[in-house]
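The sequence and the structure are shown first.

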Amino acid sequence: MKIGITTFVTDEGISGPKLGVALEERGVESLFLPEHSHIPASRKSPAPGGGELPRVYYRALDPFVTLGAIAAVTERLILGTGVSLLIQRDVIHTAKEVATLDLISQGRFVFGVGAGWNREEMADHGTDPRTRGALLDEQLEAIRAIWTNDLAEYHGRFIDFDPMYAWPKPVQTPHPPIFIGGGEAAAKRAIRHGVGWLPAAVADPAAIPAQLAQLDGNDLPVTVAFAAADPALIDGYAEAGVQRLVFSLPTLPESETLRALDEIAEVADRYLVGGGVLTQLDEDSAHGEPAFDY
């Protein structure tokens, strides 16, 4: 099982490139960035976790631009959106952005998409929340047509374009992996499209079999996000055969981020690339600096 990190990269925390280098040094396989174009001041949609919406939602950097910067300073780190709000995006522009990022990263991009939760944000983009699922279905079909055909066309209820040319094509064939984020509805959509599923982690390892049973026996790749640093949970997902487990990393200044990252890496050490981690403690000791006081 592979180990990833998801976090909000903002203008107030560690920079994307510095984070990418730190993850690669520690053997973390992947980084997934969420997307919010803006947060409407009149928002009525409840926050995903309840209560006040965390500050990071208001300050998130664009994931595609940020991942492009990270691609330039890393060699192995898998770069993903977790998730991109495709329903708020132009599908032709997005097809080019993803293909471009896959090209400049030499085939290291993973496209996580979702139907979103913030209805006011959707509405500002002209997206009807009531039909966003049907829109996402068409967008996925259209974007795959653009990626895989030299002469692509698509005619649907929401997406409609005549034959066209669009390059670059993605490096990965037939295209970058697609993962649909969410619960039961997302699992059903992943089954219909034959792509990966990206659910949130359960809290109790005993609930893992029931969660994965939502795939109804379909052998699809699964990336589980927002996992707690619990050894029993990590081993439970590994034994269940999920492809990747992604931990949440808080958005903090650089030194505090590295400390939090080292704590996660220590718990997940045996699943990291290379079977070991380069921790901040190691770096400090190597340079004669005092270690962090835990």
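Pro221 is located in the loop that runs between α8 and β9. In this predicted model, Pro221 has a relative accessible area of 34% and therefore counts as partly exposed, since it falls in neither the buried nor the exposed class. Leaving aside residues up to four places away in sequence, Pro221 touches Phe179, Gly196, Trp197 and Gln243. Pro221 and Phe32 are separated by 189 residues in sequence, while their C-alpha atoms are 16 Å apart in space.

The loop between α8 (208–212) and β9 (223–227) also holds Asp216. Asp216 is not a glycine, yet its phi is positive, at about 50°. With a relative accessible area of 64%, Asp216 is exposed, because the value is over 50%. A positive phi, of about 60°, is found in Phe226 as well, although Phe226 is not a glycine. Phe226 belongs to strand β9, and its relative accessibility of 47% makes it partly exposed.

**Cis peptide bonds**

Gly82 and Val83 are joined by a cis peptide bond with omega of about 0°. Val83 is part of strand β3, which spans residues 78–84. The bond from Trp167 to Pro168 is also cis, and omega is near 5°. Pro168 sits in the loop between β6 (160–164) and β7 (178–181).

**Helix α9**

Which residues of helix α9 are buried? In this helix, residues 231–240, they are Leu233, Ile234, Gly236 and Tyr237. They lie on the same side of α9, because the arc they cover around the axis is only 165°. The elements against which these buried residues pack are α8, β9, β10 (244–248) and α10 (254–267).

**Helix packing**

Two packed helices are described by the angle between their axes and by the distance between those axes.

| Helix pair | Angle between axes | Distance between axes |
|---|---|---|
| α1 and α3 | about 55° | 8 Å |
| α1 and α10 | roughly 25° | within 11 Å |
| α3 and α4 | roughly 10° | within 10 Å |

Helix α1 (residues 16–25) packs on helix α3 (residues 63–71) at an angle of about 55°, so α1 is oblique to α3. The crossing of these two helices is right-handed. On the α1 side the contact is made by Gly16, Pro17 and Gly20, and on the α3 side by Thr66, Ala69 and Ile70. By class, the residues of this contact are 3 nonpolar and 3 polar, with no charged residue.

The axes of α1 and α10 cross at roughly 25°. Because angles under 35 degrees count as roughly parallel, α1 is roughly parallel to α10. The crossing of α1 and α10 is right-handed. Lys18, Leu19, Ala22 and Leu23 of α1 meet Glu254, Thr257, Leu258 and Leu261 of α10. The contact of α1 with α10 comprises 5 nonpolar, 1 polar and 2 charged residues.

Leu19, a residue of helix α1, can be considered individually. Is Leu19 buried or exposed? Leu19 is buried, because its relative accessible area is 0%, which is under the 20% limit. Apart from residues up to four places away in sequence, the residues that Leu19 touches are Thr7, Val9, Ile14, Leu31, Leu249 and Thr257. Thr257 is also one of the α10 residues listed in the contact of α1 with α10. Leu19 and Ala41 are 22 residues apart in sequence, and the distance between their C-alpha atoms is 30 Å.

Helix α3 also packs with helix α4 (residues 91–104), and the two axes cross at roughly 10°. This angle makes α3 roughly parallel to α4. Phe64, Leu67 and Gly68 of α3 form the contact with Glu97, Val98, Leu101 and Ile104 of α4. Of the residues in this contact, 5 are nonpolar, 1 is polar and 1 is charged.

Conventions:
Residues numbered from 1 in each chain as written. Predicted model: local features only at pLDDT ≥ 70, side-chain atom pairs only at ≥ 80, totals over all residues. Heavy atoms only, no water. Axes fitted to C-alpha atoms, helices over the stretch in contact; angles between N-to-C directions. Helix = DSSP H or I, 4+ residues; strand = E, 2+ residues; numbered from the N terminus. Parallel < 35°, antiparallel > 145°, perpendicular 65-115°, else oblique. Left-handed = near helix turned anticlockwise from the far one by under 90°. Contact = heavy atoms within 4.5 Å. Nonpolar A, V, L, I, M, F, W, Y, C, P; charged D, E, K, R; others polar. Buried < 20%, exposed > 50% of the residue type's maximum accessible area, 1.4 Å probe, protein only. Arc of directions from axis to C-beta.
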